[in-house]
There are 2 protein chains.
Amino acid sequence: MLRGFMASGVNCGLKEGKKDLGIMLSESPAKVAAVFTKNKFQAAPVIVSKKRVTKGEAWGIVVNSGNANAATGEQGIRDAEIMTEKLANLGGFTPDKVLVASTGVIGVPLPMGKITRGIEMAYKKVRPDGFEDFAEAILTTDTKIKMENAVFTVDGIEVNILGIAKGAGMIEPNMATMLAFILTDAVINIEALRDALQRAVDASFNRISVDGCQSTNDSVFIFANGKAGNREIKDGQLFEVFLTSLMKVTHSLAMQILKDGEGVRTVFSVEVERATDSDEALKIARRVANSNLVKTAIYGKDPNFGRILAAAGSIDSSLDPEKVELYIDDEPVFKNGAPVRFNPSKVFQRDFVRIKLVLNTGSAHSIFYGADLTEEYVKINAHYTT
Amino acid sequence: MLRGFMASGVNCGLKEGKKDLGIMLSESPAKVAAVFTKNKFQAAPVIVSKKRVTKGEAWGIVVNSGNANAATGEQGIRDAEIMTEKLANLGGFTPDKVLVASTGVIGVPLPMGKITRGIEMAYKKVRPDGFEDFAEAILTTDTKIKMENAVFTVDGIEVNILGIAKGAGMIEPNMATMLAFILTDAVINIEALRDALQRAVDASFNRISVDGCQSTNDSVFIFANGKAGNREIKDGQLFEVFLTSLMKVTHSLAMQILKDGEGVRTVFSVEVERATDSDEALKIARRVANSNLVKTAIYGKDPNFGRILAAAGSIDSSLDPEKVELYIDDEPVFKNGAPVRFNPSKVFQRDFVRIKLVLNTGSAHSIFYGADLTEEYVKINAHYTT
């Protein structure tokens, strides 16, 4: 059981009848690390939190959904700061040890009256079993909450990791409208914490795409409050054990985000194997995963494998059409520069579709995960301001 | 009136009840230049025609729709060659002076019996007014034929250009499932012809995107048979006059392709101005034009301008959020790092939407054209093998 963290989630009026503001706090200042969107337009809460995270310590975070506080200028920065000041005042912290995150519509100023009243309400409700409320309060077009935990032991002492995330649309590497908050009671060195987070994010949230669109607000935070009292995690075997558990949590959250993507029916993986280098393999995998024609073919369960080849071939790479082998759900469909007769009923029929391209030009490999494109995605994004 | 070219279009059974095979011939060998897809997977007809075009002379071309003859291996190459041999035999040409193009589904062998009978039928029907039949025979999911012409004079002699194209889905630079055939009776130097075609393609077909997907078959051919008898076009003012007329034709065809894109309701332009360099400006314009979130916002007439900023900001560039100005349909919506109050009824309401990003970091500019993303696009591409 995760020690020393509390959370809550309330409705403050940003969204009709749904929780839209959450607070997560540690009993004592926690070590903190984070990874943020690489978008040039960074939302105000990203700008504010990014600066504070460099100090490596924080009490907690306040998060709202329904409004991204992005492209809101100086006022937006000030509003994000006020959110942290409000929470700091209530808890008796210094504001620079409180973080902030937002998600929702871009370019609209935050209604600060509702927000500050919401922070007051939420602060009163923080409790050790408030994580589901928090998980609910951060959702946008998500249909369900996203949580995962892991437990491991250090010299017989139980160490816990809990991850909470939101996703939905605009999910693309480096990263996009996804927020994730990972809490651990581990005693861990700050450098090791930063390193582990970056590696876990690269292998999970940076490998999924719902629509190829990058967001202004993506942030992944990890808080480590040391309440487990274990021998400090720094490097070697102990670090590997921590990283493995962290990756279990981030991979699970990433898959939950993909499956609950806007309008998503089918999730798929694109493995690129025996490539010249892993960068090239990743570029090809990502291009295939983001191709609207591949995405619609998977939605329609149409074994139109030529679209996969066309997408892979559109990247400038060492790919040689004569050497490429293509497998869909383990069925070979293309080899030696020509199609292989395959049974269409064995392809694109599963809930999780596997695309594998073997380039036969080297020994590097990579994987990327995508989701199909449906009428529902278009409906959600055309007819609602999200 | 264009001199010395003939064409025809027939149904040979690749598609039900619709023309699917066309022939275009010149009365005498024409100078020829072409630009082909940069996809690593090049269709068999692209491989065959690309080699022959380097010689700079051809009698004409045979084109089929309904099957792309792509990812079809050695057999595909042989089939493409047989198509040219069949036409060469009928006309008494050498096969290496006959070109070939195909469009349609990828990875399925051509039914050569139907094709060769179709070439016989179509050859019997070639006539100087057969261009509309030809234009019809090359269509796939296009809903209308695409033609444009231009006339200019050299020393009082009338010179004609006629362009015919097909597009629909998979339209993306460098280029994608688009075929264009441009015929001119101009007397023109072969180097000038190649140069003019490349420039015209870069400014037109390489500036449009329906779905960001690149095709295996894209080809733009230009045939110049010299029947106008004008003073040879080589360089200087005469070249400029030719280029201007050619660009009029290619721009019009590109816009016709975009407007008739799969499921397209609204076409839009993305202008990026005052950028550091034109490459950067083009990258940003193209990214915005290809963003599924921007495309669905335009479809839904939802003035969610944050999506435009997020797409522009996702490119690694010199863009500075504080300096960017964003205009939609001439309304300023974002300036000095903050939103500008605008009238939503003036934004995204027209048939042709104009997005303008002024970066204020330099003096370069670029333009790119996109189309909205609708449920209809998803339907077409999910439920029909195209």
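**Entry 1**

I began with Met24(A), which stands opposite Ile61(A) in β3(A). The model is a predicted one: I used local features only at pLDDT of at least 70 and side-chain atom pairs only at pLDDT 80 or more, while totals for chains, interfaces and linings use all residues. Residues are numbered from 1 along each chain as its sequence is written, and chains are lettered from A and ligands numbered from 1 in the order in which they are written.

I then looked up the strands themselves. Strand β2 (residues 21-36) of chain A runs antiparallel to β3(A), with seven bridges between the two; strands count as paired if DSSP finds at least two bridges between them. I noted that ten of the eleven residues of strand β3 (residues 57-67) of chain A are buried, so this strand is largely enclosed by the rest of the structure. A residue is buried if 20 or more other C-beta atoms, placed from the backbone, lie within 10 Å of its own.

**Entry 2: chain A as a whole**

I found ten helices and 15 strands in chain A, taken as DSSP runs numbered from the N terminus (helices H or I, at least four residues; strands E, at least two). Of its 386 residues, 59% count as buried. The C-alpha atoms of chain A occupy a box of roughly 70 × 55 × 35 Å along the principal axes.

Among contacts in chain A with a separation of 6 or more, 79% join residues 24 or more positions apart; a contact requires C-beta atoms, placed from the backbone, within 7 Å.

**Entry 3: the seven-stranded sheet**

I traced an open sheet of seven strands in chain A, in the order β8-β15-β10-β14-β11-β12-β13, with mixed pairing. β8 (208-209) and β13 (338-339) of chain A stand at the edges with a single partner strand each, so one side of each has no neighbour in the sheet. Within the sheet, strands β11 (residues 325-328) and β14 (residues 352-358) of chain A run antiparallel and are joined by four bridges. Here Leu326(A) stands opposite Leu357(A) in β14(A).

**Entry 4: the two domains**

I recorded domain 1 (5-259) and domain 2 (267-383) in chain A, with bounds from an automatic or database domain assignment. Their centres, over C-alpha atoms, are 33 Å apart. Nine residues of domain 1 of chain A are in contact with eleven residues of domain 2 of chain A. On the domain 1 side, β8 and α6 (236-259) of chain A each supply at least two residues.

**Entry 5: chains A and B**

I superposed chain B on chain A by a rotation of 180° with 0.0 Å of shift along its axis (RMSD 0.0 Å). That is the relation of a two-fold axis. In chain B, the C-alpha of Glu375(B) is nearest the axis, at 2.3 Å.

I then examined the interface, where 50 residues of chain B are in contact with 51 residues of chain A. On the chain B side, α10(B) gives the most, with six residues. I noted that 100% of the interface residues of chain B are also interface residues in chain A, so the copies meet through the same surface.

Technical notes. A residue is buried if 20 or more other C-beta atoms lie within 10 Å of its own, exposed if 12 or fewer, and partly exposed in between; C-beta atoms are placed from the backbone. Two residues are in contact if their C-beta atoms, placed from the backbone, lie within 7 Å. Copies are superposed by least squares on the C-alpha atoms of residues with pLDDT of at least 70 in both.
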